[in-house]
Amino acid sequence: MYPGAYFNHNREYLKLDDDIEKIKISDRTIGWLKIFGSEKNLNNLPIIVLFHGNASYADEQMAKHTQIINNLEKQNDNFAILSIEYSSYLPKHESVKKHTKANQTNLEKDAQATYNYLTKTKNINPKNLTFYGESLGSYPTLFLASKNKEANKYIVNCPLSSTQNKILWPSNNRLLNALLLPFNILIFLIAYPFIDQLNNHNNIKKAANDPNNNIPIEIIADNKDRVLPPKHHAKQLEPYASTYTELHDTRSKSGAHHIGNTTIEHLYKTMLPDILNNHSHSNHKTIAKLPTKDPSFSHINKLHSQETSMPSIGIS
C-alpha cells in the first residue's frame, strides 16, 4: 500500500457529456475517451493518455480537462484524450475481474495494460501517444518511460519524487521541515518495510540513461505547491527531464496541491501544438515557453544538458 491512498468504492460516476465513451481497457480497469475535432478515426489522432492523482478519479479528470479544453477553444483541434481509472479506484458496481489493492504493483499493471490496449488491441502507432500523469499519476507515467515504451512524449504535472521524500519533507516551509525532521525520520524507518516506495527517481533516471531512449520527458510544477513541494519532488527529477517548467497560479489557494487550471492549461496552451505537429521527437533539449500576456502566470524555464548529475537527497 502506498501512504495516503484515497478512494471511495461506493461512489457513482459523474454524468459526462454524451460523446465521452467508457471503454474497457482490460479485465482489470476502464477508461474514458473523448475525441475532439472532425477526425473520428482514433488511429489517425494524437492521443493524450491521462493518469490521475490520488484524491481524484478518471471521470473527474476527464470532466476537468474537457472544460479547460473548451475554455481555451481547443475543441476543434484533432486529438483525443483517454483518462485511465486505476483498478484499485473502481467503484463496486463496475464489472471487472478483480478489484485490486492500491499499491505500486497494481499501478504498474494498470499502466502496462493501458499501453498494451492501445498499441496491440487497437494497433495505434505508439508515436501518436503522449502519456500525462498528475501527482500520483506521475508514477505510472514514468514507469512506462523507464520500460522504454515507445511514445511521443511523457509529461508529469506536480510529480512525486518518492514516498521517502514525501514523508521526510512534507512541507514547503523550511522551519517546519527542520522541526519535524527527527520525527519524520522515525516514522519513515518504522513504515519503510510496509509501504511502497513509488520511486520516480529510479524511473526517470533509468529512462534518461537508456541510450536507445530519446523520448522527451517534460515536467510541470507549481512553485507554491505545499502537498508535493517542488524543491523536494519536481526539482529532484529535473536533471533528467527534457523540459522543466515552474508556474505559479495567483488563483490558487495558499497551501493547495496545485494541480489546477494553470498547470493543466499549460498542457493545452503550450504543449498541445507541439503534440499535434509531432515536433517533439528530437535529441535536442527544448525550453517550454508560456504565454506572457496571461497575468495569472509567472514562469521559470530552464535548459539542461544531458550530462547533469542527480543531486543526493534524503536518506540514501
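# Exercises on helix packing and aromatic pairs

Helices α3 and α6 cross in a left-handed sense, that is, with the near helix turned anticlockwise from the far one by less than a right angle, whereas clockwise would be right-handed. The model is predicted, so that local features need a pLDDT of at least 70 and side-chain atom pairs a pLDDT of 80 or more, while totals for chains, interfaces and linings use all residues. Residues are numbered from 1 along each chain as its sequence is written, and side-chain values use heavy atoms, without hydrogens and water.

**Exercise 1.** Describe how helix α3 and helix α6 pack, beginning with their axes and ending with the classes of the residues in contact.

*Solution.* Step 1: locate the helices, which are DSSP runs of H or I with at least four residues, just as strands are runs of E with at least two; α3 covers residues 138-146 and α6 covers residues 200-209. Step 2: take their axes, lines fitted to C-alpha atoms over the stretch in contact, with angles from 0 to 180 degrees between N-to-C directions; these axes come within 8 Å and cross at roughly 35 degrees. Step 3: list the contacts, meaning heavy atoms within 4.5 Å; on the α3 side are S138, Y139, L142, F143, A145 and S146, and they meet N200, N203, I204, K206 and A207 of α6. Step 4: sort this contact by class, which gives 6 nonpolar, 4 polar and 1 charged residues.

**Exercise 2.** Carry out the description for helix α1 and helix α8.

*Solution.* Step 1: the axes of α1 (residues 58-71) and α8 (residues 261-277) come within 10 Å, and their crossing angle is roughly 65 degrees. Step 2: this crossing is right-handed. Step 3: from α1, the residues K64, H65, I68 and I69 meet N261, I264, E265, L267 and Y268 in α8. Step 4: the residues of this contact divide into 5 nonpolar, 2 polar and 2 charged.

**Exercise 3.** Which residues touch the most other members of the largest nonpolar core?

*Solution.* Step 1: recall that a nonpolar core is a set of buried Ala, Val, Leu, Ile, Met, Phe, Trp, Tyr and Cys residues joined through side-chain atoms within 4.5 Å. Step 2: the largest core has 46 residues, and those touching the most other members are I47, F51, L82, F131, L144, Y154 and I219. Step 3: follow L144, which, apart from its neighbours within four places in sequence, contacts F51, A111, Q112, Y115, F131, K149 and Y154. Step 4: another core of 27 residues lies apart from the largest one, and its members include L16, M62, I264 and L267.

**Exercise 4.** How are the rings of Y13 and W32 arranged, and how are those of F36 and F79?

*Solution.* Step 1: rings of Phe, Tyr and Trp (its six-membered ring) pair if their centres lie within 6.5 Å, and planes under 30 degrees apart count as stacked, over 60 as edge-to-face and the rest as tilted; the whole structure has 8 such pairs. Step 2: Y13 and W32 are edge-to-face, with 5.0 Å between centres and 80 degrees between planes, and they stand 19 residues apart in the chain. Step 3: F36 and F79 are stacked, at 4.9 Å and 15 degrees; F36 is in strand β2 and F79 in strand β4, 43 residues apart. Step 4: check burial (under 20% relative accessible area is buried, over 50% exposed, in between partly exposed, with a 1.4 Å probe and protein chains only); Y13 is buried at 18%, W32 at 8%, F36 at 2% and F79 at 0%.

Terms used
Nonpolar A, V, L, I, M, F, W, Y, C, P; charged D, E, K, R; others polar.
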